[in-house]
Amino acid sequence: MEIINKIDASGIQTLDLRNYRSNGEDFIVFDIVPFLIEDFLLQEKIFRSEMAQIDWNQFTGKDVVICCSNDAIIPLWAYALISSLLASHASIVVYSTIGNHENLLWMERIRKIEFSAFIGQKVVLKANTAIPEEILVLATSQLIKYVQTLMWGEAGSPLMIYKRK
């Protein structure tokens, strides 16, 4: 008697969103504080000069989080300048406060998923309490554009979320 795996036979695809989470070592934090006078004052001429001296190639293919690790008031153009210099090198560039950056990177990685690969498929978002609500909501909002059926849980006993009519 042959044992048939009904889950494999069902054609259900499992998407584990934890696979897109940062491991804490796969991104670079670009802190603006070292480029400030006495850690609090940005002087445009000096700042632009220091930005021109940076070898931006070191960020090639990396995920970069721009931040200010203290309470300095930074003009918005400075973040835009850093972002423009990183844009042609880094894989992902985000601004975040320390502590919130990992979820922002996670969301950016979710946005980069080729969801069209799930056209007409039955998909289960693998259940895990380590997945924040914003990640689950983002993935769901993207997947329902393509999937036939969206479920949550485990492939063997999923909870129906959405079914295309």
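I began at Lys126, whose bridge partner in strand 6 is Gly153. I noted the conventions before going on: this is a predicted model, in which local features need pLDDT of at least 70, side-chain atom pairs count only at pLDDT 80 or more, and totals for chains, interfaces and linings use all residues. Residues are numbered from 1 along each chain as its sequence is written, and side-chain values use heavy atoms, with hydrogens and water left out.

**Entry: strands and sheet**

I looked up the pairing of strand 5 (residues 122-126) with strand 6 (residues 149-153) and found it parallel, over 5 bridges. Two strands are taken to pair if DSSP finds at least two bridges between them. Helices (H or I, at least four residues) and strands (E, at least two) are DSSP runs, numbered from the N terminus.

I then traced an open sheet of 4 strands, which has mixed pairing and the order 1-5-6-7. Its edges are strand 1 (12-15) and strand 7 (159-163), each of which pairs on one side only. On average, neighbouring strands of this sheet are turned by 25° against each other, direction ignored.

I recorded that helix 5 (residues 133-143) lies across strand 1, strand 5 and strand 6, and runs at about 175° to strand 5. Axes are lines fitted to C-alpha atoms, for helices over the stretch in contact, and angles run from 0 to 180 degrees between N-to-C directions. Contact means heavy atoms within 4.5 Å.

**Entry: Arg48**

I located Arg48 in helix 2 (residues 44-53). Apart from neighbours within four places in sequence, Arg48 is in contact with Trp77 and Leu81. I also checked Arg48 against Leu105, 57 residues apart along the chain, and found their C-alpha atoms separated by 27 Å.

**Entry: whole chain**

I counted 5 helices and 7 strands in the protein chain. Their pattern along the sequence reads α-β-β-α-β-α-β-α-β-α-β-β. The radius of gyration is 21 Å, well over the 15 Å that the globule rule gives for 165 residues, so the chain is more spread out than a compact globule. That radius is taken over C-alpha atoms, and the rule is 2.2 Å times the number of residues to the power 0.38. Along the principal axes, the C-alpha atoms fill a box of roughly 75 × 35 × 30 Å. I noted finally that buried residues make up 36% of the 165 residues.

Notes: Buried < 20%, exposed > 50% of the residue type's maximum accessible area, 1.4 Å probe, protein only.
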